[in-house]
Amino acid sequence: MYNSKIIGLGYYVPDNVVTNDDLSKVMDTNDAWIQERTGIKERRHVVKGDGDTTTTMGVKAAKIAIERAGIDKDDIDFIVFATLSPDYYFPGPGVLVQRDLGIKTVGALDVRNQCSGFVYGISVADQYIKTGMYKNVLVIGSELHSHGLDMTTRGRGVSVIFGDGAGAAVLSREEDTTKGILSTHLHSEGQHAEELSLIAPGMGKRWVNDIIADNDPNDESYFPYMNGQFVFKNAVVRFSEVIMEGLEANKLAPTAIDMLVPHQANLRISQFIQKKFQLSDDQVFNNIMNYGNTTAASIPIALTEAWEQGKIKKGDLVVLAAFGSGFTWGSAIIRW
Ligand SMILES: CC(C)(COP(=O)(O)OP(=O)(O)OC[C@H]1O[C@@H](n2cnc3c(N)ncnc32)[C@H](O)[C@@H]1OP(=O)(O)O)[C@@H](O)C(=O)NCCC(=O)NCCS
C-alpha cells in the first residue's frame, strides 16, 4: 500500500469582480447585510461571451497544477471532476477535460457532491493511488454559478453567497505512508436533500418536458433553493464532527492542526469552527471575503492560495473539511 500526496495545486477565477454594492444595484440587498451574515465582500462572475465555462476554468486551474507538479499531462492516469454546475446535463465535464487537455484516453469520473465534492474527489483519488492502480490523479473542483442564479430580490438569500471559479490538485504516489493523505472521512444524510437543492431540470419532481410546456416565468425550480438557517445549524455540527473524526482516526488532538482549510461556505461557520477547536487566525485559512462560496472549487482555491502565500509548509498537518448539499460532508487529514 502507498499513500498519496498533493504534488501540484492551481486555481483560476474570472477577472470580473462583483462587489456587494454591485449586487445592490440589481436586487434589494446591501453590503452591510451580506458582510455581517456571510463575511463576503466580493465574488467573481463569468462575463457572458468571455468563453469561460465550468470546464474551461477547470482546465486552466489544472494546467497550473500539472505544471507545478512537474509532470507531463500524459503522466495523468485518471481524472476526477467535482461540480454542481456542469457545462452539459450529460456528459459530465471529466471527459471534456480529457479532451481539452489532450490527455490520452484515461478514465474520467464526475463527482456530484456539491460543496463536499473536492473532498470526495481526493478521497477517490487517494484510494486508487493507495492500491497502486494509478500513480497520478488530477482532481478538479470548478463552478460557474453566476448565470444559474436568480439575480432578483426573490433570489437574494442564495445569489449573494455564490461565486465562480476553479481549483485543481495533482495527487501522486507517496511511498512513505507517514506522509501525504493520512485518511479521508465521508458522510451523507439524504433525508435533507431538498434543503439545499436545485430541483430542475431533472427527471424527478420537475420534468424537462413539463418545464418547457409550462413556460412559467414564476417557476423557481430552475434556481437553487437553500434553507439558510437549517443549513447553518447542520453545517456547524457536521464540520466539527468530521474534523474530530479525522483527528481521532490518526490519534491526533486539535492542537496538532497547523492549517485548517474549511470549505468556504460562510465566514461565520469558519469562525464558529475556529473557536470550537481553539485555533488561532494563523491556523485557519479563509478567502470567502474575496470569492464568495465557490462550492466544489472553494477548498482547492483556498488550499492553493494558502500554499502560494507560504502558509503551508513541509511537515504541516493540514485538515480539509467540507459540508454542503445532500447533505454531504467530509474531511481529509494530510501530512504535507
Ligand atoms: C443565508 C444566510 C446568510 C441568511 O442569514 P439569516 O440570518 O439566516 O437570514 P434569514 O434567511 O433569516 O433572513 C433574514 C432577513 O433578511 C432578508 N434577506 C435575505 N437575503 C438577503 C439579502 N441578500 N440582503 C438583504 N436581506 C436579505 C430575508 O428576506 C429576511 O427578511 P425578513 O426578516 O423581513 O423576512 C444564513 O442562513 C447562512 O449563512 N446560512 C448558511 C448558508 C451556507 O453556508 N450555505 C452554504 C452551505 S455549503
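A: Buried means under 20% relative accessible area, exposed over 50%, and partly exposed in between, with a 1.4 Å probe and protein chains only. This is a predicted model, in which local features need pLDDT of at least 70, side-chain atom pairs count only at pLDDT 80 or more, and totals for chains, interfaces and linings use all residues. Residues are numbered from 1 along each chain as its sequence is written, and side-chain values use heavy atoms, with hydrogens and water left out.

Q: Is Met-203 buried or exposed?
A: Met-203 counts as exposed because its relative accessibility is 58%. Met-203 belongs to the loop between β9 (196-197) and α7 (208-214); helices (H or I, at least four residues) and strands (E, at least two) are DSSP runs, numbered from the N terminus.

Q: Where is Asn-136, and is Asn-136 buried or exposed?
A: Asn-136 lies in strand β6 (residues 136-143). Asn-136 is buried because its relative accessible area is 7%.

Q: What does the side chain of Asn-136 reach?
A: A polar contact is a pair of N or O atoms within 3.5 Å; within protein, one must be able to donate a hydrogen and the other to accept it, and residues adjacent in sequence count only if both atoms are side-chain atoms. The Asn-136 side chain reaches the backbone oxygen of Asp-75 at 3.1 Å and makes a polar contact with the side chain of Ser-172 at 2.7 Å.

Q: Which residues of helix α4 are buried?
A: In α4 (residues 93-101), they are Pro-93, Gly-94, Leu-96, Val-97, Gln-98 and Leu-101. They pack against α3 (54-69), β4 (78-82), β5 (107-111) and β6, where contact means heavy atoms within 4.5 Å.

Q: Which polar side-chain atoms lie at the ligand?
A: One of Thr-29 is 2.6 Å from a ligand nitrogen atom, and one of Arg-37 is 2.8 Å from a ligand oxygen atom. The protein covers 71% of the 970 Å² of accessible area that the ligand has on its own.

Conventions. Areas by Shrake-Rupley, 256 points an atom, 1.4 Å probe, with all protein chains shown as cover.
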